[in-house]
Amino acid sequence: MKSIRFAIKFLWFSIILFFSQVTYSADMDKRINVVTTVAPITNIVRNIGMGYIDVTGIVPDGTDSHTFEPVPSDAKILAAADIIIVNGLDLELPTVKLAEKVKRAKTPVVRLGNRTLRKEDWRYDFSFPREHGHPNPHLWPNIALAMRYAEITRDSLIALDPRNKEGYIANTAAYLARLQKLDDAIFECVKSIPEKNRKLVTYHDSFAYFAPRYGMKVVAAIQPSSFSEPRPQEMIRIIKQINKEKVPAIFGSEVFPSKAAEQIARETGARFIDQLSDDELPAPPHDSFIGMMVSNMSIMTEALGGNPDCVANVDTRNITP
């Protein structure tokens with residue numbers, strides 16, 4: 001009888017141990033569910049968390065992030081998130097407002113831009129006037145700031161998922177090394193451009209934080225704060241500024257098609273190029289934030305009289321697990 005009771009106890013112990021191990025294994029295999037917004041940030045986060053997280057970007061590639069409104073299905077995605085990582089600086093206000101309503105109480109919302117720059121370092125300009133209260137949010141074309149985004153993402157993921165700390169640290173180290181090479185290459189690109197041509201006129205002012213780091217000057221941004229086409233008097237002012245500065249090229253984007261930008265180019269004799277991107281990634285195999293910036297620099301450098309081969313050796317691949 002004792003032997004039977006012992007056998008039963010041993011069987012129960014074995015069953016409990018088995019299911020405990022299964023549960024532990026499943027918990028170890030569970031990947032963090034991360035929700036992000038614009039494509040560059042989604043890609044940065046994916047590289048830092050490669051192998052340990054699942055990432056969903058709310059804002060589709062090629063969509064104007066400033067006017068994007070989340071749809072009802074996005075509420076379900078945000079509600080299921082373990083962590084929500086956004087740019088901040090008021091870029092994704094409708095998405096963040098929805099996230100605050102539907103997310104779980106313990107789900108953090110990480111605003112990368114707000115944690116990267118002090119308020120006194122925020123930039124305001126024609127597209128983002130100070131009187132409207134919304135700073136220019138486009139920090140990521142400045143690679144030093146993008147590197148800070150990567151570090152904040154690493155620390156945020158480790159705080160949520162400490163068991164994979166070493167993996168996040170290794171991914172971030174590899175990714176930061178690639179960003180450093182990109183940063184060095186951009187300096188070389190600008191160095192190759194004749195000094196008198198180191199001037200930027202863009203439709204949307206995506207390079208406000210980029211220009212001062214790399215020794216360029218933003219002469220004008222064509223799109224006003226309403227995200228509409230500029231009025232005639234605004235166009236006249238921009239044309240005069242471009243003629244005064246002798247700007248060789250005007251840069252637009254397929255995301256922001258503009259007849260006004262084309263007209264300004266005709267009036268000034270500047271070359272019009274509508275291929276720069278601040279939030280749409282290139283096609284594979286260069287479908288990465290680094291790939292986007294390499295494409296931007298090749299186009300920009302060539303149009304301004306520099307050597308586009310400056311970025312030829314930058315690795316545009318994503319981190320692999």
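The model is predicted. The sheet is open, with its strands in the order E2-E1-E3-E4, and helix H2 packs on it. Elsewhere in our tour, helices H9 and H10 have axes that come within 10 Å.

**The sheet**

- From one strand to the next, the twist averages 25°.
- Strand E3 (residues 83-86) pairs with E4 over three bridges, in the parallel sense.
- If you want a spot to look at in your viewer, Val86 stands opposite Arg111 in E4.

**The helix on the sheet**

- Helix H2 (residues 39-49) touches strand E1 (32-36), E2 and E3 as it packs on the sheet.
- The direction of H2 makes about 175° with that of E2.

**The H9 and H10 pair**

- Helix H9 (residues 232-245) and helix H10 (residues 259-268) have axes that cross at roughly 45°, which means that H9 is oblique to H10.
- The crossing in which H9 passes H10 is right-handed.
- On the H9 side, the contact is made by Met235, Ile238, Ile239, Ile242 and Asn243.
- On the H10 side, Ala260, Gln263, Ile264, Glu267 and Thr268 take part.
- Sorted by class, the contact of H9 with H10 has six nonpolar, three polar and one charged residues.

Conventions
Residues are numbered from 1 along each chain as its sequence is written. This is a predicted model: local features need pLDDT of at least 70, side-chain atom pairs count only at pLDDT 80 or more; totals for chains, interfaces and linings use all residues. Side-chain values use heavy atoms; hydrogens and water are left out. Axes are lines fitted to C-alpha atoms, for helices over the stretch in contact, and angles run from 0 to 180 degrees between N-to-C directions. Helices (H or I, at least four residues) and strands (E, at least two) are DSSP runs, numbered from the N terminus. Angles under 35 degrees count as roughly parallel, over 145 as roughly antiparallel, 65 to 115 as roughly perpendicular and the rest as oblique. A crossing is left-handed if the near helix is turned anticlockwise from the far one by less than a right angle, and right-handed if clockwise. Contact means heavy atoms within 4.5 Å. Ala, Val, Leu, Ile, Met, Phe, Trp, Tyr, Cys and Pro count as nonpolar, Asp, Glu, Lys and Arg as charged, and the others, Gly among them, as polar. Two strands pair if DSSP finds at least two bridges between them.
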